[in-house]
Each structure stands twice: as C-alpha cells, then as structure tokens.
Amino acid sequence: MVNTGTSGWNQSLLFVADQMATQMSLFLIFHYCRHTVKCFIIVQPHMIGEDGLFFFLTPLCHVLFQISDEEKGYDLDLFCIPKHYATDLERVYIPHGLILDRTERLAKEIMKEMGGHHIVALCVLKGGYKFFADLLDYIKALNRNSDRSIPMTVDFIRLKSYYNDQSTGEIKVIGGDDLATLTGKNVLIVEDIIDTGKTMKTLLQLLKQYNPKMVKVASLLVKRTPRSVGYRPDYVGFEVPDKFVVGYALDYNEYFRDLNHICVISESGKEKYKA
C-alpha cells in the first residue's frame, strides 16, 4: 500500500498498488505520532485503475489518543507540583495543557453529534468534576460563537467503586439527584476514568430503568487493562496503560485531587495514603 505523498490525513484519496487489495472491501489504516495516536479509518472502494484501487477515506470512529505502554511521562521538576506531594509521585503523565486541548476537541465532537438536541450533562462525582467543568466551558464557548446552539442542563451523581487502588466493580451510590428526571432526555454522562468498565456498565443499566431518550458517555481516560469487560465509551480523551494515575480531580483515597496534571502515584505514595 502506497500513500499519495501528502503529509497529513486531510487528503481524501489513497492509492493501493497491491492487486490483492481488490479482494477486500474494508481496510483499517493506523496512524502514529508522538503519543502513539491511533486514527482508525474505514476505507471504501472508489474505482479500479490499471495499477490497483483508489479508495476514499471515511472516519470509522473518533480519533483515539492512545498513550503507549512505553511512555515514561515527564520529570516532576519540569512542572509546578505541590510540595506536600513531592515524594508521592513518580512522573507527570499527562500535562494540564494537553488535557485542556484534548477536552476542547472532545467538546467539538460532542456538539457535532449531540448538538441538535437539549442535553442533560450528568457529572459522575467526585473524580469527574474537573473534566466536567472544563468540557462544559468549551461547549458553552461553542454555543456562544457558532450559528447553532443548544440548551444544556446539568445533573450530578456520586458513585463509589474503588477501595485503595482497586476497582471493586460494585456501585455504591452515596449522593446525587433523582434519576427519574432523566426520563425522555438526551443524557451525556461525564466520567473521569473507565477502568474495568464494570461500574459504567452497571450505571448504564441503572439509567435504563428511567427510559432516557439517548445516553452517551464521555470519559477523560480509559485504562488499557486485562481486567476490562470490553466496554468503550462514546468519547475518550486518552487511552492509558494499566497504571494508577492521580491528579486533575482523580484521587487516591481522596488525596491528589488538587493536582493540575495527571501523574503516576509512587508506591510510597500509595502506602502513605492507604485507607
């Protein structure tokens, strides 16, 4: 397979020289960059030429920002880290600026797909509150500065599914409003991290009882773990390796929510703040 020579993915035409490709109707193309971003593309036949096939590229799903297992992150000394956490962290994994830039892109994708209807944005507390606030700020900016805008209301639910650094997969609802208000509504659930996926699947089953019109899930992080049940949210900020990360409102027994950056907690940090 040979690219036409363009430097980016804006080019819509791909040339396939391999004659064996004529026997296939769909292809997946992978693109990599600094943080191993995988862009999944569906390729559809356009026409047959003398030397092979020409294909048009059509987006199959949202761009997935996948951080590889080999990514080491950044030295703590390069960032402003609260002194009381100086010995409790290994590295800065995702800097605050990168989080905000990715969140802005997700806001555009959400508005494109859900922007024709009134949205109830459901924040999963506590870990989701920073991502929720920043995501809604970007959506509100799009509402102010585009020809099309939509009304948006907010609601909150608080869940507990972690004990120390392990996801139990069992939901304990310890706060939140009456979910019956979601009946007939278009709901956007905003979560901080999907680990095994058990908690979100259980929550979606719970919401189903209240008959919302539509439910989509936006998660800042999705953890790449063998414990996963295979659930994937509709909108993903970053796919990360199976490491316990804190910061940007993600906690370890209520600590580290006051970090701007997403960091990898050290073993000494886990021991220090163990329940």
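## Asn143 and helix H2

Asn143 is found in helix H2; helices (H or I, at least four residues) and strands (E, at least two) are DSSP runs, numbered from the N terminus. The model is predicted: local features need pLDDT of at least 70, side-chain atom pairs count only at pLDDT 80 or more, and totals for chains, interfaces and linings use all residues. Residues are numbered from 1 along each chain as its sequence is written, and side-chain values use heavy atoms, with hydrogens and water left out.

Asn143 is buried because its relative accessible area is 18%, where buried means under 20%, exposed over 50%, and partly exposed in between (1.4 Å probe, protein chains only). Leaving aside residues up to four places away in sequence, Asn143 touches Met111, Arg148, Ser149 and Ile150; a contact means heavy atoms within 4.5 Å.

H2 covers residues 129-145, and its 17 residues should span 24 Å at 1.5 Å a residue; the end C-alpha atoms are 24 Å apart, which agrees. The expected span is 1.5 Å times one less than the number of residues.

## Helix H1

Met111, a contact of Asn143, is one of the buried residues of H1. An α-helix has 3.6 residues a turn, so residues three or four places apart point the same way.

H1 runs over residues 96-114. Its 19 residues should span 27 Å at 1.5 Å a residue, and the separation of its end C-alpha atoms, 26 Å, agrees with this.

## Parallel strands around S10

Strand S10 (residues 214-223) is mostly covered, with eight of its 10 residues buried. S10 pairs with strand S9 (residues 186-194) in the parallel sense over eight bridges; two strands pair if DSSP finds at least two bridges between them. S10 is also joined to strand S11 (residues 235-240), again in parallel, by five bridges. Leu221 of S10 stands opposite Ile193, and its bridge partner in S11 is Phe238.

S9, helix H3 (residues 198-208) and S10 make a right-handed β-α-β unit. Right-handed means that, with the strands pointing away from the viewer, the path from the first strand over the helix to the second runs clockwise.

## Antiparallel sheet

An open sheet of three strands has the order S5-S13-S12, with antiparallel pairing. Its edge strands are S5 (89-94) and S12 (245-246), each pairing on one side only. Between S5 and S13 (residues 262-265) there are four bridges, and Ile94 has Ile262 in S13 as its bridge partner.

## Cysteines

The structure holds zero disulfides, a disulfide being a pair of cysteine sulfur atoms within 2.5 Å. Is Cys80 buried or exposed? Cys80 counts as exposed because its relative accessibility is 74%. Cys123, at 0% relative accessibility, counts as buried.

## Chain totals

The chain's secondary structure comes to four helices and 13 strands. Of its 275 residues, 45% are buried. Among contacts with a separation of 6 or more, 64% are between residues 24 or more positions apart.

The accessible surface of the chain is about 14300 Å², and 53% of that belongs to carbon and sulfur atoms. Accessible areas come from the Shrake-Rupley method with a 1.4 Å probe; for residues, only the protein chains shown count as cover.
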